[in-house]
Amino acid sequence: MVEPDEKDASGNTVPSRALHIVGPDLKIKLSFLYPASTGRNMDEVMRVVESLQRAAKHKVATPANWKPGDPVVISPSVSNEEAKKMFPQGYEAPDLPSGKDYLRFTHVD
């Protein structure tokens with residue numbers, strides 16, 4: 001892919017930079033597309049890789065701006081009984097206006 005408005009000193013279009021992260025199931029899990037004028041953020045790439053690894057291993061999701069060591073969200077597909085077995089260190093479920101306990105936070109490595 002090229003950036004039609006970005007040109008090098010010779011007037012040639014400059015390519016965008018793409019990054020694809022492929023999971024162990026050989027499916028694309030994430031795709032970043034950076035314009036030539038924007039630097040890539042390796043901290044963000046590593047954050048995403050760590051998030052994807054935890055999600056695949058533990059049936060969890062990571063909130064926006066999550067960093068390793070922060071709490072993760074237990075998938076709603078995991079029952080409370082399963083969660084107690086999967087996360088023996090426990091989990092927290094905040095009080096929600098709905099009274100439901102589907103939002104559960106825990107820590108994983």
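Mentor: Start with a term: two residues are in contact when they have heavy atoms within 4.5 Å. In this predicted model, residues 24 or more positions apart account for 26% of the contacts with a separation of 6 or more.

Trainee: Why does Thr 106 count as buried?

Mentor: Buried means under 20% relative accessible area. Thr 106 has 2% relative accessibility, so Thr 106 counts as buried. Thr 106 lies in strand β7, residues 105-106. Beyond its neighbours within four places in sequence, Thr 106 is in contact with residues including Pro 71, Val 72, Phe 87 and Tyr 91.

Trainee: What makes the link between the side chains of Thr 106 and Gln 89 a polar contact?

Mentor: The cut-off for a pair of N or O atoms is 3.5 Å. The side chains of Thr 106 and Gln 89 are joined at 3.1 Å, which is within that cut-off, so the pair qualifies as a polar contact.

Trainee: Which element gives the largest share of the lining of the largest pocket?

Mentor: That is α1, with four residues. The lining has six nonpolar, two polar and two charged residues. Gly 23 is in the lining, and Gly counts as polar by definition. The volume of the largest pocket is about 180 Å³.

Definitions and conventions. Residues numbered from 1 in each chain as written. Predicted model: local features only at pLDDT ≥ 70, side-chain atom pairs only at ≥ 80, totals over all residues. Heavy atoms only, no water. 1 Å grid on protein atoms, 1.4 Å probe; cavity = no way out; pocket = protein on both sides within 12 Å on 5 of 7 lines; lining within 4 Å. Points joined across faces, edges and corners; volume = space filled by probe spheres on them. Helix = DSSP H or I, 4+ residues; strand = E, 2+ residues; numbered from the N terminus. Buried < 20%, exposed > 50% of the residue type's maximum accessible area, 1.4 Å probe, protein only. Polar contact = N/O pair within 3.5 Å; in protein donor to acceptor, adjacent residues only side chain to side chain.
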